[in-house]
Amino acid sequence: MPIAYTQWAATYELFEGESARETWRQGIAADLAKLADGPGRVLDLGAGTGIGTRVLGELLPRLEVTSLDRSPEMLDWGKVPKARQIVCDMTDFRAGEGFPGGAFDFVVSGFDALNYLPPEALAGCLASAADALRPGGHMVFDYSTRKVLSADWAALEYSQEKDGHTLHRRHVWERAHDRSRTVLTLSRGGEILWRETHIQYVVDPFTLEEVARANGLHTVAVRNIDSDAYSPSHTTHVYVLRKK
């Protein structure tokens, strides 16, 4: 995927902000509230404009959050302090070359950021997360299911109007490649401002558990984002992994 989101930066929160905040509250923030019994350090992967950082700051102010994203434009637009920014690819940020390995109590990733990683890149991300965590630390993330990508979004097309801008989305499930393709087009007054293509992937919970275990993380819990129950047919799951 090209460095998408660079063009998204100025309008990302306009179109995604409300949904992203609710996803963070129901998912990662709810689990961190149970896991964090005091101050702690959090690394937010694919942080974007720092929506998750701000939600955690509001709900769990004792946690110190560092935001990692490969788009400095997104981090800067969200006014993420420079001292709390790491600009690099979330697929491989392993300890070394100055990265503070073993320094974090929690690694988190919200609003389906991990779905943008193909299976081999997801394995690298989990390995990097394990390196970043202290022993006994947790990784918590939400993840869109196959049901939403291959069925709900199999052939979905719609537009949103906000503040004089029109965002058109076209989702297509590419069965031959086992992935979802989304084309986003932003226009204003009939003029196209930019167009981006995003690709999303999905692995089942059993495969994800195997990949995590191979990289030093074991699964503590998997739940539907809006309850403590688990259903394979739900749209979004929340995973809690622990470093041994």
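Visitor: In which hand does H1 cross H2, right or left?
Guide: The crossing of H1 past H2 is right-handed. Please keep in mind throughout that this is a predicted model.

Visitor: At what angle do H1 and H2 pack?
Guide: The angle is about 50°, and the axes of H1 and H2 lie 9 Å apart. H1 is therefore oblique to H2, since angles between 35 and 65 degrees fall in that class.

Visitor: Which residues make the contact?
Guide: On the H1 side they are Tyr12, Glu13, Gly17, Ala20, Arg21, Trp24, Arg25, Ala29 and Leu32. H2 contributes Ile51, Gly52, Arg54, Val55, Leu56 and Leu59.

Visitor: Which residues of H2 are buried?
Guide: H2 covers residues 51-59, and Ile51, Gly52, Thr53, Val55 and Leu56 are buried there.

Visitor: Glu13, Arg21 and Arg54 were in your contact list; what links them?
Guide: A network of salt bridges links Glu13, Arg21 and Arg54. In general, side chains of opposite charge can pair when their charged atoms come close.

Visitor: How many salt bridges are there in the whole structure?
Guide: A search of the whole structure gives 17 salt bridges.

Visitor: Let us look at one of them. What is the salt-bridge partner of Glu16?
Guide: Glu16 pairs with Arg169, and their closest N and O atoms are 3.3 Å apart.

Visitor: Is Glu16 buried or exposed?
Guide: Glu16 counts as buried, because its relative accessibility is 14% and the cut-off for buried is under 20%. Arg169 is buried as well, with a relative accessible area of 7%.

Visitor: What about Asp89; which side chain does it meet in a salt bridge?
Guide: Asp89 meets the side chain of Arg70, at 3.7 Å from N to O. Here too distant parts of the chain are linked, the two residues being 19 residues apart. Asp89 sits in the loop between strand S3 (85-87) and strand S4 (104-109), while Arg70 sits in the loop between S2 and helix H3 (72-77).

Visitor: How accessible are Asp89 and Arg70?
Guide: Asp89 has a relative accessible area of 29%, so it is partly exposed. Arg70 is likewise partly exposed, at 29%.

Visitor: One more pair, please. What does Lys147 meet?
Guide: The side chain of Lys147 forms a salt bridge with that of Asp152, at 3.0 Å from N to O. Lys147 is partly exposed, with a relative accessible area of 34%, and Asp152 is partly exposed at 34%.

Visitor: Moving to the sheet: in what order do the strands lie?
Guide: Seven strands make an open sheet of mixed pairing, in the order S3-S2-S1-S4-S5-S11-S10.

Visitor: Which are the edge strands?
Guide: S3 and strand S10 (217-224) are the edges, each pairing on one side only. From one strand to the next, the twist averages 20°.

Visitor: In which sense do S1 and S2 pair, parallel or antiparallel?
Guide: S1 and S2 pair in the parallel sense, over six bridges. Leu43 stands opposite Thr66 in S2. S2 is also mostly covered, with six of its seven residues buried.

Visitor: How many bridges join S1 and S4?
Guide: S1 and S4 pair over three bridges, in the parallel sense. The partner of Val42 in S4 is Phe106. Burial is the rule in S4, where six of its six residues are buried.

Visitor: And how do S4 and S5 run, parallel or antiparallel?
Guide: S4 and S5 pair in the parallel sense, through five bridges. Ser109 has Phe141 as its bridge partner in S5.

Visitor: What about S5 and S11; how do they run, parallel or antiparallel?
Guide: Strand S5 (residues 133-144) and strand S11 (residues 236-243) run antiparallel and are joined by seven bridges. In S11, Tyr143 has His237 as its bridge partner.

Key. Residues numbered from 1 in each chain as written. Predicted model: local features only at pLDDT ≥ 70, side-chain atom pairs only at ≥ 80, totals over all residues. Heavy atoms only, no water. Buried < 20%, exposed > 50% of the residue type's maximum accessible area, 1.4 Å probe, protein only. Helix = DSSP H or I, 4+ residues; strand = E, 2+ residues; numbered from the N terminus. Salt bridge = Lys/Arg side-chain N within 4 Å of Asp/Glu carboxyl O. Pairing = 2+ DSSP bridges. Axes fitted to C-alpha atoms, helices over the stretch in contact; angles between N-to-C directions. Parallel < 35°, antiparallel > 145°, perpendicular 65-115°, else oblique. Left-handed = near helix turned anticlockwise from the far one by under 90°. Contact = heavy atoms within 4.5 Å.
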